[in-house]
Amino acid sequence: MRLQLLYILLIAAVSFNAKAAHIVGGDMYYECIGTNQYRITLKVYRDCFSNGPNVADYDDPAFIGIFDANGNEIDILNVFFQNRRNVPPETSNPCLSPPSNVCVEEASYVFDYTLPPVNGGYTVVYTRCCRNATIGNIVAPGTVGATYTVNIDPQRTPCNNSPEFNDFPPIVICAGEPLVFDHSATDPDGDVIEYELCAPFTGGDQNDPQPFPTPPPFGNVTWQNPYSIANLLGGTPLTIDRNTGILTGTPQLQGQFVVGVCANEYRNGVLIGTTRRDFQFNVVSCIVDVEAIIPVIDTSGVDPGIGGVYLSRCLDLEVPFANNSRGGRTYFWDFGVPGITDDTSDLFSPTYTYADTGEYVVTLVVNPRTFCSDTFKVLVRLYPQFFSEYDFANVCQNTPLTFTDQSFSLYGIVNQWIWQFGDNTSSTQQNPIKTYTQDGIYQVRLITNDTNECIDTVTKTVTIFSTPDVDFDITPACQNSPIVFTDNTVINFGDFDNRNWVLNGTNIGSINPYIYQEPNLGQRTMTLVVASEQGCVDSLTKTYTVFPPPTVTVTNDTALCIFDTIRLNATGGAQYVWSPASGLSSANLSNPFASPAQTTAYTVNVTDSNGCVNTGSVNVTVNPLPETNAGADNFLCIGDTFQLNGQNGVSFSWQPDSLVSNPTIANPTTSPDSSTTFVLTTINQFGCDNTDTMFLEVQRPINATLAAPPDVCIFDTIQLEVQDGKYYQWIPSAGLSSDTINNPTASPLETTSYTVIVTNDCPQFADTLDIEIVVRPLPEVDAGIDTTVFRDESTMLLGSSNGISFVWSPADYLDDSTILNPISFPFNSIDYILTATSEFDCKNSDTVTVNVEVKTLLLVPNAFTPNQDGLNDVFRIIKTLNIERVYDVFVFNRWGNKVFEGHDENAFWDGTVNGRPADLGVYVYIIRAVTRDGDEVTETGNVTLLR
């Protein structure tokens, strides 16, 4: 079947880029419609829930190849699918519903083709990738494609028809449900068909999901261990009857599995062809639509066919019935009363009043008189009036509690008791005695039976009151010091009613805490008795000893100079606490160091090993330091004499003593040769000493120096620096960062002579220096005007300058970055900076922008003349812009047949087909390429072949 090339090109441009992860199955068959005329049908099944960027719809057109027995290509057809339909996900059990997330779609491709008789016949092939990645029984399913094919041999079997499968297998199989499917085929010629399970063919991959067909042989799928032809699904193995085509098996594992079935066609005992189909089974957990359910309370002792006991009671004869059925639309209840027919209901959850006690079999039918109905039966047991009852009294924990049975049966005798005491213990006595060791609230249940087998239950709340958990604390017992008794009693349930303190057998009160002082030494006993408001009582007795207080000794009062340190000392205990803590190295040592800032009285609390406390104290007097003053820092011209002037003290000492006239007086004289720091130490009336310093700077005649600066470029900065001196004055001040420092920076705009006057505190020692700074001009530089080019085109940079050397930056995409006019091949827009250098090493720069526009171009001729004259003899790509790689060049004739293909940008067509000149006329080309940005492009058009 030949189609118009225009439609082929429109569809092919789309389908070339489509990837696929959707193939579910397919098959191919044919029928003879006349002499050497065959109608070939391809059916392809896809997962219509597949979606995403890597999932394709049906090929439209599909590439279908025809090859002879030697593998030669007869034709490559572009066939559009004729129709599509959804395949319903039916199960073999009409009462089971498949899940809603399974969807399979079928498309049919049908075309007619003339196949004259040849040796070995023909192979028709369609190849596509890919299958669902979730298939579990083959290796790498998401990268594996499929090939569907038939063999037609008009010479061996003229006008033969291939078998056609009657039905498509169910796309959903219920896990655990037996599968029985008639996978038979019909042969119009009456040939014998034999069936077998076979491996599906592979075809295509993710890089080329819609390849052009190739001749056999074809590869088989690789089975994932432990799957094979003998074990395709797991569970009861899948088998097919050789003669009938009946497919059977019971899968147990949920998942997706690919299966292949071959129908082998025999005539007169000779195999003349094979029709191969592969498909995907979706094994899922199916939902049972209908199930009759009545809740039961007991299943023991009932007859077969009865689900259990729904109700067993002795209170009344009105029974409400619960209905937990699923999938029902209508209901029928039979309440099981013998001899009558009106004890029925069609309500979902009815109530029925029985006329008398007894045992009844109740039947529920869901969806009665339909194919998908279900039935459930239960027992209802009704007995005369009977109830459980008991009496008790709440008690304290650890106190025996008697439970008195008061159960009653109107027509029977109570003969069984089951007590559940709420603490995982029980009893079968009629009137048990129970002792609870833990307080709290307990739910006590009594279950009784009578001689009529009536059962009743009563549950009551029993409160077990808490016994107080008595405890108290005693502070250290020291003679004539307060002893504190603190009640720490807790009660889990309830509250306190009263407490009593008993000292040595005598009741002394109920307050908390209780405090008293003991004048005598020795042992004592204290008892605490506590009662709860419910009357639960407990007590605790403790023995304690009264100890004497410790004997404390402390350091005598003392004095020190401020900032000095003295060690304090206390004895007599095991623990020490000094107060105040300020000025102490530690407040918790027996002998801390003290450095108080002022006169301080320290108190120490001493605690002995019995916890008894006594105190001691010490007074530390703090004396001030003298306010020593050696005078202000000053200077001295070398050769002169200077008088020092010390103050504040009763005695004086100068250092270095060798440089002063008298080191022990307040105001000695000195005449040092170099600058000197003098240290004065004075002592006051308290014997406390202090120091102060005075720096005397000795100044000498100035010998200033100034290094000659190099030439500078205009706008540059240079730093000047004068050695020696103390004060500076620069003339003129123009171009200087400061005119009064020894190291100003200079930025003159023209050649300038500067003078600097250098002095110190001795005017007679002044000095003067002169210096000239020569200023050089910058070179002229022009980077040219901004320009715009297409990507993959070049441009020349038009720089100019009077400098002697040049450099462009960045150097990217330039043929030479050290000349004024380099060639640029930029990928993206870029700014170039041209820097020129003069003969004086002065530099100047300018910037130019090269704007890059992205234009994708595949330029080809619209006509060519393959007449071997050396001019325009081939069809090829003349020029590209923004193209990284050309990977397909196809040329088709006006019937849609491919006459040329190439796979790079240098590919060319010389105007021949199979070595012979092609017909004059218009041809259609398709070029597929990828841009430098990674985008795929497809260029289509017409080219005219002339001669």
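This short talk walks through some salt bridges, a surface patch and a sheet in the structure shown above.

Please keep in mind throughout that what we are looking at is a predicted model.

Let me start with the charged pairs. The structure holds 26 salt bridges, and I would like to take you through a few of them. In one of these, Arg277 pairs with Asp27, and the closest N and O atoms are 3.1 Å apart.

The next pair is Asp761 with Lys726, whose closest N and O atoms are 2.7 Å apart. Asp761 lies in the loop between strand E65 (752-759) and strand E66 (767-773), and Lys726 in the loop between strand E62 (722-723) and strand E63 (727-731), so the parts tied together are 35 residues apart in sequence. Asp761 has a relative accessibility of 23% and therefore counts as partly exposed, and Lys726, at 35%, likewise counts as partly exposed. Salt bridges can also join into a network, as they do for Arg46, Arg84 and Glu105.

Phe387, Phe408 and Leu410 make a nonpolar surface patch of about 250 Å². Of these residues, Leu410 is found in the loop between strand E32 (408-409) and strand E33 (414-420), and because its relative accessibility is 41%, Leu410 counts as partly exposed.

Finally, I would like to show you a sheet. Four strands make up an open sheet with mixed pairing, in the order E69-E75-E74-E72. Its edge strands are E69 (787-790) and E72 (805-809), each of which pairs on one side only. On average, and ignoring direction, neighbouring strands of this sheet are turned by 25 degrees against each other. Strand E72 runs antiparallel to strand E74, residues 830-837, and five bridges join the two. Which residue in E74 does Trp808 stand opposite? That residue is Leu834.

Note on methods. Residues are numbered from 1 along each chain as its sequence is written. This is a predicted model: local features need pLDDT of at least 70, side-chain atom pairs count only at pLDDT 80 or more; totals for chains, interfaces and linings use all residues. Side-chain values use heavy atoms; hydrogens and water are left out. A salt bridge is a side-chain nitrogen of Lys or Arg within 4 Å of a carboxyl oxygen of Asp or Glu. Buried means under 20% relative accessible area, exposed over 50%, partly exposed in between (1.4 Å probe, protein chains only). Patches are made of residues with over 30% relative accessible area and no salt bridge: like charges are joined within 9 Å, nonpolar side chains (Val, Leu, Ile, Met, Phe, Trp, Tyr) within 5 Å. Accessible areas come from the Shrake-Rupley method with a 1.4 Å probe; for residues, only the protein chains shown count as cover. Two strands pair if DSSP finds at least two bridges between them. Axes are lines fitted to C-alpha atoms, for helices over the stretch in contact, and angles run from 0 to 180 degrees between N-to-C directions.
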